[in-house]
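Here is a friendly walk through one structure, with an eye on its ligand and its pockets. Have a look at the model first, and then read on.

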Amino acid sequence: SAPLDVSARREEFPILDREFDGTPLVYLDNAATSQTPKRVVESITDYYYEYNANVHRGIHNLSQEASIAYEEAHDTVADFIGAAGREEIVFTKNTTEAMNLVAYAWGLNELGPGDEVVLTEMEHHASLVTWQQIAKKTGAECRYIPITDDGRLDMDAARELITDDTKMVSVVHASNTLGTVNPVATLADIAHDHDSYIFVDGAQSAPHMAVDVQDIDCDFFAFSAHKMCGPTGIGALYGKEEILDAMEPYLYGGDMILKVTFEDTDFNELPWKFEAGTPSISEGIAFAEAVEYIEDVGIDRIHDHSTDLAAYAYERLSEHDDVEIYGPGPDERSPLVAFNIDGLHAHDLASIVNDYGVAIRAGDHCTQPLHDVLGASASARASFYLYNTREEVDALVEAVDEARQIFA
Ligand SMILES: Cc1ncc(COP(=O)(O)O)c(CN[C@@H](CS)C(=O)O)c1O
């Protein structure tokens with residue numbers, strides 16, 4: 001298929017024309033949040049200009065239009081990741097909330113002393129802190145699959161750590177620090193061999209690669225709209241229907257009910273059982289618009305384009321031997337490069353490259369335990385998406401060279 005037409009795509013993102021005192025923006029912080037194309041922003045304004053109303057079984061026309069759009073947005077998101085249908089897609093605020101929903105609605109009720117939750121050393125705080133705290137509350141234990149020297153999961157250790165005491169395996173699909181893409185289907189097989197559930201954190205995979213939750217056979221999957229051209233404040237929890245059906249609700253209130261008496265309540269059908277109160281209606285509709293945009297551009301085209309940029313950045317940054325890049329080689333990573341430069345703190349590096357218009361992230365990227373394993377208090381990270389170019393990678397490398405001169 002034809003390669004991605006970057007210049008045409010860039011036209012769809014007005015923010016990419018930003019300049020700071022005449023210096024063009026070079027936005028390379030897409031793993032933190034992506035930019036938003038006009039059609040996604042317009043889907044929000046259209047909603048508020050044309051059919052803003054509260055949802056779920058309204059009588060009047062506006063409410064019916066808003067309800068249909070919001071409910072069908074679940075269908076669009078379900079199709080995007082290969083879920084059976086809307087009953088397997090709960091809209092949440094973000095990936096973090098999706099993880100908390102399962103940890104509270106399932107973990108708090110099902111975990112107890114002697115049970116184990118298996119995580120990995122490369123987990124984001126969204127899963128690591130959540131399961132760590134739920135384990136403390138329930139008396140369960142967390143175990144961590146170690147990483148190898150080149151930032152992959154030690155699968156031999158994984159097979160040792162996942163046992164019949166394991167009740168949940170929670171694993172990041174694509175690491176937001178290492179770029180490692182984990183063998184989640186294999187981990188799902190191992191988890192299921194021990195009657196454990198598996199939760200795949202898809203925050204950095206869904207925006208960048210084709211995902212089919214039925215192929216992976218994960219029990220839960222979560223991702224956020226704002227990392228894939230959608231708005232903030234909306235994400236999705238995928239769960240197998242039979243598992244969500246058996247789970248307690250997470251939040252109580254309106255919309256998540258069918259019948260309420262003073263004595264008790266019958267809860268609504270899926271997924272509404274897990275969506276209490278007035279939802280983020282425009283965000284949900286815009287989430288679906290973002291999915292359709294990604295599908296129009298082509299997820300495989302996006303993958304090839306972004307991973308090529310990451311490989312190019314890896315090669316160019318490696319031209320100097322004072323650079324340490326974390327994670328696997330250039331051709332085996334999701335589209336980001338986290339690195340450090342000898343004698344130059346990541347925060348200093350990021351603030352200097354910012355003077356050249358280059359926006360990267362510096363810090364722990366919400367993976368502090370992983371940075372402890374890496375022996376780094378922080379790292380700089382450049383992350384790429386469909387609208388970035390090789391010239392922007394060159395701008396990054398040149399700005400890094402400037403920083404090197406200043407601190408050399
Ligand atoms: C692997 C992974 N898992 C969960 C999250 C949380 O996504 P939320 O939409 O914030 O809930 C993120 C978001 N990581 C951002 C903010 S720390 C980054 O700069 O890397 C992630 O990368």
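This is a predicted model: local features need pLDDT of at least 70, side-chain atom pairs count only at pLDDT 80 or more; totals for chains, interfaces and linings use all residues.

Let's begin at the ligand: a polar side-chain atom of Ser224 sits 2.7 Å from one of the ligand's oxygen atoms. Residues are numbered from 1 along each chain as its sequence is written, and side-chain values use heavy atoms, with hydrogens and water left out.

Ser224 belongs to a group of 18 residues surrounding the ligand, and the closest also include Thr96, Asp201, His226 and Arg361 (a heavy atom within 4 Å).

| Residue | Distance to a ligand oxygen |
|---|---|
| Thr96 | 2.6 Å |
| Ser224 | 2.7 Å |
| Gln204 | 2.8 Å |

Now to the pockets. A pocket here is an open set of points on a 1 Å grid over the protein atoms alone, where a 1.4 Å probe fits, with protein on both sides within 12 Å along at least five of seven lines; lining residues have an atom within 4 Å of a point. The largest pocket has a volume of about 280 Å³, meaning the space filled by probe spheres set on the points. Its lining has 23 residues, with Thr96, His124, Ala203, His226 and Lys227 nearest the centre. Seven of the lining residues are nonpolar, eleven polar and five charged, with Gly counted as polar. Where does the largest pocket lie? Domain 1 (6-30 + 298-407) and domain 2 (41-295) both contribute to the lining, so the pocket lies between them; the bounds come from an automatic or database domain assignment.

The second largest pocket holds about 240 Å³. Of its 17 lining residues, Phe91, Thr92, Lys93, Glu97 and Ala276 lie nearest the centre. Both β4 (89-92) and α4 (95-110) supply at least two residues each to this lining (DSSP runs, with helices of at least four residues and strands of at least two).

Finally, two backbone details. Leu270 and Pro271 are joined by a cis peptide bond with omega about -5°, and Pro271 is in the loop between β12 (265-267) and α10 (281-297). Asp195, a residue other than glycine, has a positive phi near 55°.

Terms used. A polar contact is a pair of N or O atoms within 3.5 Å; within protein, one must be able to donate a hydrogen and the other to accept it, and residues adjacent in sequence count only if both atoms are side-chain atoms.
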